[in-house]
Structures are given as structure tokens and as C-alpha cells.
Amino acid sequence: MSVNKGVSELLVDFIYELKYDDLPQEVILQAKKCLLDYLGTTLYGATTPTADKIRNFSLKFDDKPKITAIGNHQKTELFKAALANGISSHVLELDDGERYARVHPGTSIISALLPLIEKENIGGKELVTGIVSGYEVALRMGRAIQPSHRNRGFHGTATCGTLGAAVAAAKVLGLSREEMLYSLGIAGTSASGLLQFLEDGSEIKQYHPGKAALCGLLSAYLAQSGLTAPNNILEGKRAFFQATSDEYNVSECTNSLGKKFAILDVYFKLYASCRHCHAPIEATLNLRSQSKIANQEIEKIEVSTYKSAVDGHDNPIPQSEVGAKMSLPFSVAVAWKKGWAGPEEFTPVYFNNPEILSLAQKVEVKEDPSLTQLVPAKRPAIVRIFSQDGHKFEERVDLPKGEPENPVTEKELKEKFRSLASISKSKEEIENIINIVETAEERIGEIFSFID
């Protein structure tokens, strides 16, 4: 790699040269875990009212549908399949993520790649390599520009996800080095997505990874068709870093490139809410199992946590499923009341429940500067429950379950998949999907018979 090249070219050079045979076994296995986790969240997400709206949209334009949109039960067109997949995979708030980058990579990258490999009849080794490549780009971009990117109002999943999806698609399509660089350039000018949904809980949040998957595919196919783009879309003076952040660290894009793969740093979720709510949820569930306090005996619940978990998440009376999943007070209240915080616990029957809402209004959320200083190395929360008779119960969680330092087991990940997929698939179909993912190199083409 030439020292005269900018970071955009250096990153593309690495991805262009990357081969399946270069990947360590742990990286290959991690890519398959990400794929299985993605499929479970998407199959369940495809049954939601939000997914129905996208199906209605798609029906307006499908002239010659040939491609599988996961859980759609009918074929659609390539780009609309990517859009639908991205939306369905994010609607539950159970998709993978990475805390340093503040990006949910799978929901944009895998959403783009599955329709692509079906259309082009591409094999499983290429899919695995594409997943690893897309995660590498999206997560390195996120690390380079966070937290300034989020502080300026950008949603990293929408922006960095577009870049990752484009390079992943270019990799799987076998584009030339120049075409891959153009794909990144086109994606860079397409990358967008704002955090305004935190104010009202609207469904635009789910649109973001769908848009990222769609734009990623468009970028790769446009580059393949000859459309040119800047070769310094990341680092140029009017380019991605300058436009979307006040402070950024370009070295994050190339540090340890090829020595440490970014996909190994993703977390897998157990709770169907914003990741900022997970440490409080886990602490609450731990306290619930340790103490026997009735709801009516609770005087108040204090949640001390870091700044990002407070900003935009302290709404005790959510008005929508998105709002409930973003609400730290509601997440704590429903976890205490139900003993879990899965997809069901964030549906209207619960965020309209007077008893849960009453408890949510007893939850006081505040920033603890000492905890903020620990971010992003940790995402801590301290939950204190005060009873009316003067007792106090306290629990601290620094890294919720699913982080690389506090991982879910392979068994837990499969149990999560089976639970989510069972909403629309039989036990036999579920085990077939698991087996296909585990042997994706030889059998990935069979997956589309089971995920439609």
C-alpha cells in the first residue's frame, strides 16, 4: 500500500485484496453468527405493521418480481428487497451493533447482500467475505467520526451503514479496484440519516438501514456501470469526515487493518430496545430476581448512567413502539413488571398499560459524569430501587450481556434465533436455516427457500 494514497484508497485496497482464504476461522464463524442473528430479527420484524407498510409500497411498483424479501411471502425487485430487509431487520431493536462505532452493521450490510447473491447466483464464500468487508468499512468509519457524528445529529447506522453496504456489494460483485473506489465515493455522497426520531418515536428510524442497504446496492451497480466518483470521498476537504463531524480520527480507518477484524467487536442483543437501555434493563432484572418488592411498594427508581443514555431517552410516557424502545424509564418499568424485555414487551398492550406507565413515571434518570467518562470502553448504569419502608436496593452493570467482553454463548444465540423465527417458521424450517448458515460456503443458495 502506497503511503501517498489517501485513506479512502488505502481502505479500498485492503478490501479489494481480501480473500476468503485470508480470513481467520474465528472471523468466519463470527460472520455466520451475525448472519443467523440477522435472519432471526428480520423474520420476526417482517411480521410487524411497519413491514406491512413497506409491502404495500413495494406492490405499487413490482412488474417482474424475482427476489426474496425476508418474511415477505412473495417475490419482489432487487432494490426493494434490500429496502424491506433493512427495515424489517431493525424494527425489533434486536440487531447487532458495535459500541465504539455506534453502528448497527448487519441491518444494512446483510440486507443488501442477500438479494444481491440471489440475483447474481453468488456463492457462500463470497457472501462471508462480503459480510466481513462491509463490517470492516462501516465500523471503522463509525469509530473515526464518533462521538462527534452523533452529537451533530447523525445516525451512524444510516450513514456508515451506506458505506459498508456499498463496499460489501462491490466486493461480492467482483468489481475492479477502481469501481470499488467509485462505489465508496457514490455511497459517501448518498450517506445520510438524522436522529430527530428520538424526539417523537417515529418509524423513520427503521427506514435508515433500509435506505442504507438500498443506496449501497445502487452505489455498487452504478460504479459497475461506469459512473465515476471522487477517490477521496472520506478525507477530502468537502467529503464525509469534514461534512459529518467536528472531530474525527482518520487513523481509525487503517489501524491494525488486516490484523484485527472489526466484526469481532460487535455485540448481540438480548433485549428489544435501544442499546443505551440495556445496562439499566439488566440491572433491573438482576434486582428483580434478588428482591421481593411489589410495584405498589416502590417509592422511586433512580437510574444513573452516561450522557448518551440520558439524551433523547428520558421519556416515561412513550407514544409508539419506537418511542418505547428508546425510553429508558419505560424499559426499566416493563423489565421490572414482566421480568423480561423482548419484542412483546414493547408493543402497545404494554406501553399503554397504566400500571407500567405509573411505574415508569417513578423512574428518575440522571447523568453521572464519572460514568460518562467510562464511555465507550464501558456502557454503565447503576439502578437504585427505593421502597416505601426505607430500604434501598442497588445494582451496577458496566457492560450488558452480548458485548465481546460479556458474550452470549452460541447456545444462547441459537435460542434467540429459534424464538424469533418461530413466529413464522416451523421447527423443521428453523433447523434447516441454522444448518444452512453453518455450512454457508456450500449451501447458501438453499436459504431462500426457507426465509421468504
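# Briefing on a predicted protein model

Leu218, Leu222 and Leu227 make a nonpolar surface patch of about 220 Å². A patch joins residues that have over 30% relative accessible area and no salt bridge, with like charges joined within 9 Å and nonpolar side chains (Val, Leu, Ile, Met, Phe, Trp, Tyr) within 5 Å. Accessible areas come from the Shrake-Rupley method with a 1.4 Å probe, and for residues only the protein chains shown count as cover. The model is predicted: local features need pLDDT of at least 70, side-chain atom pairs count only at pLDDT 80 or more, and totals for chains, interfaces and linings use all residues. Residues are numbered from 1 along each chain as its sequence is written, and side-chain values use heavy atoms, with hydrogens and water left out.

**Overall form**

- The protein has 22 helices and 6 strands; helices (H or I, at least four residues) and strands (E, at least two) are DSSP runs, numbered from the N terminus.
- Its radius of gyration is 21 Å, close to the 22 Å from the globule rule for 452 residues, so the protein is as compact as a globular protein of that length. The radius is taken over C-alpha atoms, and the rule is 2.2 Å times the number of residues to the power 0.38.
- The C-alpha trace spans about 70 × 50 × 40 Å along its principal axes.
- Of the 452 residues, 61% count as buried; buried means under 20% relative accessible area, exposed over 50%, and partly exposed in between (1.4 Å probe, protein chains only).
- Among contacts with a separation of 6 or more, 77% are between residues 24 or more positions apart, where contact means heavy atoms within 4.5 Å.
- The accessible surface comes to about 17,500 Å², and 48% of that belongs to carbon and sulfur atoms.

- Leu218, from the patch, lies in helix 11 (residues 204-224). Leu218 counts as partly exposed because its relative accessibility is 33%.
- Helix 9 (residues 177-190) has 14 residues, which at 1.5 Å a residue should span 20 Å; its end C-alpha atoms are 20 Å apart, which agrees. The expected span is 1.5 Å times one less than the number of residues.
- The buried residues of helix 9 include Met180, Leu181, Tyr182 and Ile186.
- Those buried residues pack against helix 1 (7-17), helix 8 (156-173), helix 11 and helix 12 (240-244).

**Salt bridges**

- The structure holds 35 salt bridges, each a side-chain nitrogen of Lys or Arg within 4 Å of a carboxyl oxygen of Asp or Glu. Side chains of opposite charge can pair when their charged atoms come close.
- Lys53 and Glu203 form one of them (2.7 Å, N to O). The pair links distant parts of the chain, 150 residues apart: Lys53 is in helix 3 (residues 49-59), and Glu203 is in the loop between helix 10 (197-200) and helix 11. Lys53 is partly exposed at 46% relative accessibility, and Glu203 is partly exposed at 30%.
- Arg99 and Glu405 also meet in a salt bridge (2.7 Å, N to O). Here the two residues are 306 residues apart, with Arg99 in the loop between helix 4 (78-90) and helix 5 (106-120), and Glu405 in the loop between strand 6 (392-397) and helix 20 (410-421). Arg99 is buried, since its relative accessible area is 2%.
- Glu120 and Lys119 form a salt bridge (3.2 Å, N to O). Salt bridges that share partners join Lys300, Glu302, Lys366, Arg384, Lys392 and Glu394 into one network.
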